[in-house]
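Thanks for coming. Please look at it first.

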Amino acid sequence: MSKFSFSRLGKELYTGEKSFDFVGKRKIWYAASIVLLAVIVGGMFLRPLNLGIDFTGGTRYTVSVDGADQKLADELRGVIGDTEVDEADSATVRTAGSDSIVIETEAIPDGSEDDQAMIKAITETADVPEDDISRTGIGPSWGERVATKAGLALGIFLLGVIAFIWIYFKEWKMSVAAVVALAHDVLLTVGVYAIVGFEVTPATVTGFLTILGYSLYDTVVVFDKVKENTRNLGLKKQTYAQAANLAVNQTLVRSINTSIVGLLPVVAILYVSAVQLGTSSLKDISLVLFVGMAVGTYSSIFIATPMLVHLKSGEKDIVDAEKRAAARMKEADKYAAVPVFDEGMAVAEEEPDELRESSSEDLHEAGVSRVTSPNSSALGRGRNVPSAHREVSDSGAAGRPQPKRESRSKRK
């Protein structure tokens, strides 16, 4: 058994010796994505996004300490939770570097009894003077401005992407397919982020903007190969769907390799930030990058190119190419009935040489009978083979002895 080789697989996929039907089975991929999106959207209704203090407003306490670590952050979280301050029930406590800890709560009025209770709990637990605690009130309007600016940036980004792909590939349907795949990636990433329950912070928004570029990068690479394979399609023996599917196979190994290389450091950051460091902005951005990059690779293979083929399936050139391919297939069908020999096929037993070389008389003497059927098939149009009445003998009309057929054993 030959060993599996990833490089050999890539070569076979590139030359077309081996192929996965990504385009032909697009309805399966569409159905899988629709089901997945339905599950994600349903999960978002049950567990909406956990917007951070930057988007909802609240109070932030920054504590300067010597040697901020996760143990101290956990102690502060426990003490703050034991206070009778309702706004601190869902407080988040995280380290910010090695010399400060950040505590975020819902809005607490400055100088109120709840504010004093919070400061007292922090000073006693962290063993720091009150002067080492800085208090910042954040209004929801700041978060609204951030969300508005992010939405505006996203709109400008999408318009730029649509224009670039349209101009570069001279094909607006590629722009539509790329944006559909991008929307698929963003929605899945947002849904996973909401279900996991991580807090949405400005770092999260940064991560979302990053995966937009990554998702489109992979899609543009595949589309570039599609453009190359479908150039002068009328001179080739391929349909548009076959050429596009070949392009996906040719870039498959490359897409997988780049995704693995890109995901490995993100996984490391996610593990360290979520397990080792606890709550931190690294955890927010690494989760977004991990989900977005993985989904972006999926959509570039299973969504973008099949969607492009689907959009172009009604064009005259594409339909003509498919008709030519169908005609070639029909012409080749007359050979389809010819059986192909394989190792398991039954083979008629060959007659031994002794019997094949023996005459009928020899076989009769040996007690062996050879059953032959008379050839009664027509010899040419309108003529029949005459039936034999007697054995053919030499009539002497030729004036010389005629050659007689004898078995090989009796030949001199």
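Which residues do ring pairs link into a cluster? They are F20, F22, W29, Y298 and F302. Rings of Phe, Tyr and Trp (its six-membered ring) pair if their centres lie within 6.5 Å; planes under 30 degrees apart are stacked, over 60 edge-to-face, and the rest tilted.

Some ground rules. This is a predicted model, where local features need pLDDT of at least 70 and side-chain atom pairs count only at pLDDT 80 or more, while totals for chains, interfaces and linings use all residues. Residues are numbered from 1 along each chain as its sequence is written, and side-chain values use heavy atoms, leaving out hydrogens and water.

The structure has eight aromatic pairs. In one of them, the ring centres of F22 and F302 are 5.4 Å apart with planes at 80°, so this pair is edge-to-face. F22 is in the loop between helix 1 (6–15) and helix 2 (26–46), and F302 is in helix 10 (residues 281–312), so the pair ties together parts 280 residues apart in sequence. Helices here are DSSP runs of H or I, at least four residues, and strands are runs of E, at least two, numbered from the N terminus.

F22 is buried, at 7% relative accessible area; F302, at 18%, also counts as buried. Buried means under 20%, exposed over 50%, and partly exposed in between, with a 1.4 Å probe and protein chains only.

Now the sheet. It is open, with four strands in the order 3-4-2-5 and antiparallel pairing. Strands pair if DSSP finds at least two bridges between them. Strand 2 (residues 58–64) and strand 5 share six bridges.
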